[in-house]
Amino acid sequence: MDSAPRRLAQLPLRTPCSVLAVHGSRPVRRRLLELGLVPGTRVEVIGVSPLGDPLELEVRGSRLSIRKKEALTIEVKT
Amino acid sequence: MNARIALAGNPNTGKTTLFNRLTGSQARVGNYPGVTVELATAELALAQRRVTVVDVPGSYSLAARSQEEQVAIDALLGLGDAPRPELVVCCVDATNLSRNLYFVLQAQELGLKLVIALTMIDEAAADTPNAEQLSALLGCAVVGVIARTGQGVDELKKVVERELAAEMPRPALRFEPTPALRTRIEAIKASFPQDWPASDGLALWAITSAGGDDELVLPESLRAALTREIPNDEAGCEVDDETVLGRYRWIDANIKPPTKSTKARELTERVDKVLIHPVFGFAIFLAVQLLLFKALFTWAEPLMDVIEGAFSALGEQVQALLGEGIVTELIVEGVIGGAGSVVVFLPQILFLFFFVGMMEDSGYMARVAYLMDRIMKSMGLHGRAFVPMLSGFACAVPAIMATRTMERQRDRLLTMMVVPLMTCSARLPVYTLVIGAFFSPTAKALGIPVQGGLMVALYLFSVVIALLAAFVLSKTMLPTTSSALILELPPYRLPRLGDVARMMWQRAKAFLQEAGTVILAASIVLWALLNFPRQHDQPTGHVAIHAQSASAQVAAEELPASDLLNHSYGARLGHAIEPVIAPLGFDWKIGVGIIGAFAAREVFVATMGVVYSVGEDADEESEGLRDKLRNEAKPNGQPAYTPLVGLSLMVFFALACQCVSTLAVVKRETRGWKWPIFLFTYMTGLAWVCSFLVYQGGKLLGFS
């Protein structure tokens, strides 16, 4: 298993991973953290909108949609 | 005065259904001061006493960036003008505990007296903690409810009544702040105004909310302390990390993630395989939108005809009862006609909100945003703006009301500013008249029949201009402060008809009470403009404001009506604006038509009918009116109206904000005159410039 840190948007679909850190601007970062994307949380990209963006994530048993741009701010390890 | 209790929690937790369950059908919808966030309150009868329930907008966190998000903390703590609730019922989705408890922890840090309504317990996995376990864990009352069936609601009421008598809990943090954060908390608390509760929780709220370009309204002393304590985003991120992580660490230590997927989840996954499928997903989406469009355009029409018929019959009755006279005319045409022009919107509003309610409550609306985000985003619009934009083809009034489906004020405003550019059904009679009068049915250009081609071109033109306008406005007037999309895709659920019906009713009522009065007043003013002054010796010819509210009295050839109109204040205004509209190829008679069209665009046809003495019954198919327009000559004998003038006129009607009802409903939704005035100014300015370019450009190219 690859354990080097990568960004959530760079992983192939359906690759379970866990959050290492969230970067990006403070307001968006805070909202992502508050929705439960804190370090250590399991997360998986389970779908992409038919037009290529946004993504569908599974986190803490619920489904969230965020754009690739934001998914690039989420550092994960598989 | 009744004690107040607040109902709060995450979105998609069944909060609205629970509110409806608790309060029956008598909610009052008001507004939080200063923002366009609606505030529903209702009375609730408990065994011994009555309380007032306030529905706090659903959110994932109490932390706020904007004034509209700040509404939640103000309502829960009674800051600002809001009275402080004595108890907060917090909806917690049992299928989504960890994220929902995040909100609960924030509320406990503030020292709120909580009763937790644990919803969706019928869907939760077997290993989910039950109400007693959660109650022991959180140290507050927890009642399991199924809002959909009403199970547990009676017990919830009992517990609320019991807890109202209990002591206030002490604010409690679930994590130990580091010394650095502790210092900041104390400094922030010291800057609170006297009437603010000096809790650690409120200090944490301020620390995590404020910063950068937030739009919060905060006391000056607090603002100064925040700038001092959190000087930059780096420091901000540090406190965010500590606070958010601190809460989630406690949650994760106490709540095990569900091991098995719930039934609702599994069903949702199967449905989503189809509904967000690249091919079927879009096909179904288009089918749903087509159905919505069909309802607004076709199914609403017979109902609208019935309403118009009823109001004109009422008018005739009143006329017969009161006899001739100026008061009768005022009542029949000004008041009854005006009221008719308000009520006639109801079928479309009700149909649209039926669809919006079903889409929202089923969870489908979130998928619409998911599917359309990429396209809409490129124009600066929210994914959910699609439904209002499409509805704009039928009528801007319900479409503007449907912008409520978006949470952020900025997204709503942007959509409201471009929806009126879509070709609404009221523009069709104008286009039909002008195309029929100025363009030959046999003419072809590039092998396409000119008449049909023009109609299609006008529709395309309106879409292109609306999207361009959205793009420009999103770069200038309404820039995004945070352009991120963070959207929950909730499990699909069967909508409850009661909830949908209630929303339809509330929207309709708000429209009648608030926008309706403005429309009625404007209709009366316009009626007066076109009917006064009058000479005493004149017969009682008159112009109906409403195209369809035909008066049996005025025969098609009766001249006095046009005499009256042509000497009215409206006509004087038409003459007065002639210098302004002459460069567009319009004369004062079109000017009168444009003024009359403010009541509703289709009135243009009726007004022109009266100006040209064909009678107000003239419709867009009327040969008499077409001939008159075709034969109208300038003083030098040349035809006054040419295809070029026709084109310029249609471009003007496509772009100008010729609609009092649209302005009234924008005023109602934005709570002020700023945005309707801006809308009117920019659309009419755009219309003038484009018509000018068409007419003057056409002349330069050698068209007449």
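The model is predicted, so local features need pLDDT of at least 70 and side-chain atom pairs count only at pLDDT 80 or more, while totals for chains, interfaces and linings use all residues. Residues are numbered from 1 along each chain as its sequence is written, and chains are lettered from A and ligands numbered from 1 in the order in which they are written.

**Chain B as a whole**

- Chain B has 28 helices and 10 strands; helices (H or I, at least four residues) and strands (E, at least two) are DSSP runs, numbered from the N terminus.
- The C-alpha trace of chain B spans about 90 × 60 × 55 Å along its principal axes.
- Of its 704 residues, 49% count as buried; buried means that 20 or more other C-beta atoms lie within 10 Å of a residue's own, exposed means 12 or fewer, and partly exposed is in between, with C-beta atoms placed from the backbone.

**Helix H9 of chain B**

- Helix H9 (residues 233-254) has 22 residues and should span 32 Å at 1.5 Å a residue, which agrees with the 31 Å between its end C-alpha atoms; the expected span is 1.5 Å times one less than the number of residues.
- Among the buried residues of H9(B) are B:Cys237, B:Val244 and B:Ile251.
- Those buried residues pack against helix H1 (26-34) of chain A, and also against helices H3 (97-109), H6 (179-190) and H7 (200-209) of chain B.

**Where the chains meet**

- In total, 28 residues of chain A are in contact with 36 residues of chain B; contact means that the C-beta atoms, placed from the backbone, lie within 7 Å.
- H1(A) gives the largest share of the side of chain A that touches chain B, 9 residues.
- Strand S5 (62-66) of chain A and strand S10 (residues 486-488) of chain B run antiparallel, joined by 3 bridges; strands pair if DSSP finds at least two bridges between them.
- Within this pairing, A:Ser65 stands opposite B:Leu487.

- Most residues other than glycine have a negative phi, and most peptide bonds are trans.
- A cis peptide bond, with omega about 0°, joins A:Asp53 and A:Pro54.
- A:Arg14 has a positive phi of about 60°, and this residue counts as exposed because it has 10 C-beta neighbours inside 10 Å.
- B:Arg671 also has a positive phi, near 60°, but counts as partly exposed because it has 16 C-beta neighbours inside 10 Å.

Methods
Two residues are in contact if their C-beta atoms, placed from the backbone, lie within 7 Å.
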